[in-house]
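Open the structure in your viewer and keep the selection panel at hand. The tour goes stop by stop.

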Amino acid sequence: MLTDYIALLPEIILAIGILILSVVRIFRHSNTPKTFYSLSRVFIFISALATALFYNQNIGNYLHNNSFTTLFKTLMYLFAFIICYLSAKRFVSKNMPSFAFYFTLLFNLLGFSIAISAYNLALLCGGLGMTFITNVILIKIEKPQEERRHVLYYLALSFAVFLTMLIGVVGLHYYLHTFNYNEIEKFLEVRSNLIWQHHFSFACIIGSILLMMGVAPFHFWFSNVVGKCILPVAGYLSTVPILVYFSCLVNICVNAFYPLLGWFNTVFIIFGILSIFIGAIGANSENNLRKIFAFSGLYYIGVMLLVLFPINDNSLMSSFTYMLVYIVAMCGIYTIFYGYRSKGKYMFNLDDIKGVATQRPFLSAALLVFMISLIGTPPLLGFLGKLSVINSLVIGHRFVLLAVILFSMLILAYAYLKIITVVYFEPRDNTFDIVDKGVYWWMFINVVIMLLAVINPKYLMHDVELMLVAVF
Amino acid sequence: MIENPNILLTILMSVPLLGILFAAISKESPESAGSNVLSVGILTVVSNLIVLYITGQTTADSTPALQLFEKFEWLSTPKIEFLFTIDSFSLSLLAAVHLAILLGLIGVHNNTYRQKTQVIFALLFLEMMTGYLLAADLFSFYIFFEAMLLPLFMLVGMLGDVHRQDILYRFFLYNLLGASLLFMALCILFNYQNVNIQDISKAVLSHNLEIIVWGAIFIAFLSRIPIWPFHYWISSINVNISNPLVFIIANILPLTGVYGLIRFFPLTAPDIIEPYLLALEIISIVTMVVIALIGFSNRDIHYKIFSYMTVYYILYLLGALLPTDALLSNIGFSIFSWLIIVAAIEIIVAHLEKERQSTSLPERGILSNLKCASFILSFFILAAVGLPLSSMFLNNMFIFAGLLTYNLKMALFILFAIVLSSINLLQHLFYLKYSNNDSAENTNSISDIPPSVIVALSVAMALTIISFINPLWYME
Amino acid sequence: MLTNSIFILLFTGIFTFFAPQKRTTSVWTYLLALAFIYAIMALTGQAVPSDISIIWTAMPDFSISINLNPIRAAKIAALGVMVISILSFYYNLLASDDYNTNNLNGLVSINCVLLLIALCSTNYLQLLAAVGMADVMVYSSINRYDSKRQYIYSNFFADFLLLSILAIILGQQGNINIMRLEDYSSSWHHRDYIVIMLLICTFIKSGIALFHTAYQKISPLTSNRINFIIFASTPLMGIIVLNTLHGLLNISQYSYPLLKLFSVITVLWGSLGAIFVSNINRKSAYMGMIFWGLTFSCFGWLLSFSQTRFFTFLIAAFLFNSWLVFVERPSQKLSLWHRICNFQMILTLLVVASYMLSWWQFASSNIVLATIGEGILGVVTATLMAERFNCLSPNNDRLAVKNIFLQALPIITIVILFVYFNHNILLLWPYIIATLTIWLTCFLLNPMRYFGFVCKINFIQNGDMVTTIYSTLFLAPLLVVGRLLRLMVDIVFLERTVISSIKNAIRFLIFIFRRLHANSVLSSTIFTFLGICIIFMAYYQGVSK
């Protein structure tokens, strides 16, 4: 009987990790910022191992693990690990307590892990909703009293989202008497069964997920949150949750709500186009670096959305590649932000990093590489993403969308050019602190991974595709 | 005799990358002041030139069945392979680009501002150009077509003295748009027919798709060439660049547009684009005349060089669009000398500008006491205007013959533009040479071009003369 | 063999060019002269012309051969070219105010080689290459910037015209063989254009009226350079081109009328200039203009163009011009009679006689032309010599050469050779004496002195009408159009209209964006409401309908 729950091992490990962290926090007084990092990384590492080991173990009709879920979980753990490592540098350098961050991180990973594997609406709702609410702890870290208003605003919003999702889930259960994806799909396949309440519930659930992703027009919270929180939180929110929401969205659309996707396709297209435009224009309107990349993230999410639906092998592969490229680049960019420090303060305004290339040439070169990759310029990894996306749109004869994406990309590229100009072409105002070697190491590894992936993309394009199609 | 001559293509593409690596890790001290990294850069280019020479010899020996060919399998699903090959046309252009950049590197040997950065990006640009000129399939063509924008942007931004950044952005975005359109066209072709570059015209597409594809291809390549009305920001960029290496690189960029059209455009134009070709020709000729006229009225030497280059780029473009392949060799050989000549002119002009700024002397008569600079500049400007000092003389004759046969009236406008742009250069030469008594005394304080530059320019002079006497010397 | 000769001349010329300038000038000059003499002997000694052509591989599938095999007519022209080059060397050596004699002699030698290559050309490209390279040589020999500028502008334009017409012929004929011009003639494409361009090209090269400014601008140079440029270089090349491509003159009805018209204008203009302009070097240039005008008139009026007579005429003209600038002003202390009877006068008569006789021989097949030309030559030369001998020129330059016997040597030599090879001319001794008598009368009376007031007009002395016309009619409009285009197209249209519109549109979008995102609660409400509306509309469209 225990073996039936072996698939829960990663989650159990995470839960234990949360517990231990709490115990250490309460009972051990000589904690340093690095203490919780050291603990967290162990549990993340073991969870990741366990995930890989029990990649195809299910738990009844509640949790299904296959290569699709394993892929996303692995990526989630990997990026979480990187965020953990880099965050530790920040907490150590500032000598600030890190418990809240690592605790919430582990908690979120737990919730995400459940949500990714969920084959049950309740678990999905619980996993995603709780993590979305607990993000408020992350946002609150080191926030001065006068800015707590934003925390309250986010708390209200997250509750509202959770409620919406709950309404959707409960509503569907009320009419279908089940939370199971399979059963839901079977019921919804019969068109004569469909009533507006089904559609409403479906819209509530999907809408909530889209809001959590920060898709336009529900993007209003994301840039403000990312722009005002501490660097580790910004980095985390820009990378890990996107992966998770993407996988949950795909999972639920393919396995539960496929029959209802017909009319919602229009919504995806409009939301995608709005995201693209708002992301491109937003990136140009900001001076806060994190907000710029938050809006640019909106652009990429919009593209992903446009390419993803209608969901088939090709579109799934294309949007996944694009998303992965975005996340890898974003991870790299945030790594570099850890290196842009002057007099102990992390720089987050465009004017603060004027001429940094003269003092930090390798970091700036890496920033250039990542941004050029985000534009999709060959021969960097972003080209692979662009290739997948454009290829997919051409195969689908969606030339108008293609034109929209290309046009918006030019507007977005303008924002990146401004950053490059400031970093390379402006005279330097500040003196930048010495960068931790760990930052250089991760930056280097990130660049190498990008280059290797583009030189030999067979693994990415072929082997990963086999993993992705397991969702069907 | 090399056992596997195809390896030469790989070496050609690898040498600049190695050069970038060595340049990045080279150490600089205050005493060396950038000379280490510059030496690395020069050595890299020279090494690649030697490989090019060996490649030329090998290509000359080979039968058609043994042409150099390198394949690299990139993706299996979808199946994308990168193909590289070389013929005498691309060989000429490669040699010209290498020599021009070599001259540029020599020309900046005294310029220590961000020396490492400029060498690295110059080598990166060279790498992209090499790949572009060797590419034989759609995707590798596109990859290098777009990838070269980054080093160019960085060089122009850091070292180009472009004070209005919005012009720089527009320049980059405009080229990026062209590249993106090309990518879209290639994806369509790849998905529908998966054709080679030479067989694009044989692809069977629907009417609308054919218009989209050809329109995208043309816009993509034309975006690199300063065709009216898109010449404005390209000219705005060029006239502000005082660094000779950056100026040379920025003015090599339109070559990619011309080369692309030569490779993509079939012998017989598809019916669908036939009516638009005439419009393109008219716009091209209008551009030539307009830019030549603006250059004539503009005192700035950089604009004059830019207008000269634009006119000749469009000349080569129009020659390439003629319904014959016979002119390709002529275009290639002509460009070989032409790029070297322009690079040499730019080196000397940049030196004079630098001296002038350091001594606050007027431009007029600045050459009056500089014998070497005066002689070399006169030589290159006379060669540039088409006198028999380079392969331009002979090969341009054939290009003109083709154009004049095709349409006399249009060709007369072309000739007018050529003559005017050449007169612009001559005008400036005499403006620099002519002195009154005051300026003749003051120019004693200016130093002539340094010996290393004289040697390099002398070699360039010898090459241009050899190219006139025996254009195929590197293939014998 | 000519090939050997050409290479010997070429290499000797190159070595001389790079030889030390201020030393061993005589040695190098004699070396050159020896090389030329050897070349002449080789050329004249050739019984059977050798068939020499050097393959000039231009491209993989097209090769051009450089032919160095002169046909009989070209052989004579080659001789003439070499003789005039030797004369140039000689006068370069004599000119002590020229400090780069080796350099100049080298250029003369290479120029001669290029003239020979042009003479031997059987294909367009050889001809064009020779013409272009000769321009470079002559450009290098001009050692003043303003003169260089005028020269290169004009000749560059002329070369381009030649290139364009040859390109048309090449494009339509498909081959570059000059001997096959008749094939082109039979198809007759763009005939008027070709002929007019050919004529303009040769007019520019030879300094015909309205295209003569370049040769006026070389007047500040030393006299030996002026004579080399006027008689032994570019204008001569122009005639060679015209002669080589004379078959094209028949394809248009405008060719001969234009030739005649311009030759007449040139002769008249040159005559007036030579008489009324005070500067001796400019007079020399105008004399050159008269010479070339008369030569072109022969092209226009005569049925055939004799190479031998042309080159005889050329040498005589060269000698006259050299004598004109070298002749010294006689001492004021001598009486008129003594001034007339001295050695200079005898030489003057010899030079003038040979000039006028050679012209008569050249144009003798058209008596009217010959007579008119004779008359003009006579009046002009008489007036010029009268000015030199009667010291009437107000602005006479001091001359460099002192030793009159060195000046006399070439004159006497040429005259002897002329008489030797044309001893039949002596049968016309009554006419010769009569002509000389008339000439002397003109010389002594100097009827043109009554028009001396014209010399005082500043415009005549310093004005340059042609340049003014060109600047006003051609250059100024181009400048104005260029500036207008830059202002209107670049700045007004593109920058202010198109670019500004796009920039303003983007700024407006950013403005709207910022306003929408300014207030968190309001923006979230608006966007949430928007999202819900979109979902509802999609549901309504997709399901309810």
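How far apart do the C-alpha centres of domain 2 of chain C and domain 3 of chain C lie? The two centres are 69 Å apart.

Before selecting, note how things are labelled: residues are numbered from 1 along each chain as its sequence is written, while chains are lettered from A and ligands numbered from 1 in the order in which they are written. This is a predicted model, in which local features need pLDDT of at least 70, side-chain atom pairs count only at pLDDT 80 or more, and totals for chains, interfaces and linings use all residues.

**Stop one: chain C.** Select domain 1 (1–120), then domain 2 (121–463), then domain 3 (473–544) of chain C. These bounds come from an automatic or database domain assignment.

**Stop two: confidence.** Colour by pLDDT, the predictor's confidence in each residue, from 0 to 100. Chain C averages 81, and 86% of its residues score at least 70. Select residues 234–244 of chain C: among the elements of chain C, this helix, α11, has the highest mean pLDDT, 92. Helix α15 (336–341) of chain C has the lowest, 59. Helices (H or I, at least four residues) and strands (E, at least two) are DSSP runs, numbered from the N terminus. Where pLDDT is low, the predicted coordinates should not be read in detail.

**Stop three: chains A and B.** Their contact takes 24 residues from chain B and 22 residues from chain A. Two residues are in contact if their C-beta atoms, placed from the backbone, lie within 7 Å. Now select α7(B), which gives the largest share of chain B's side, 12 residues.
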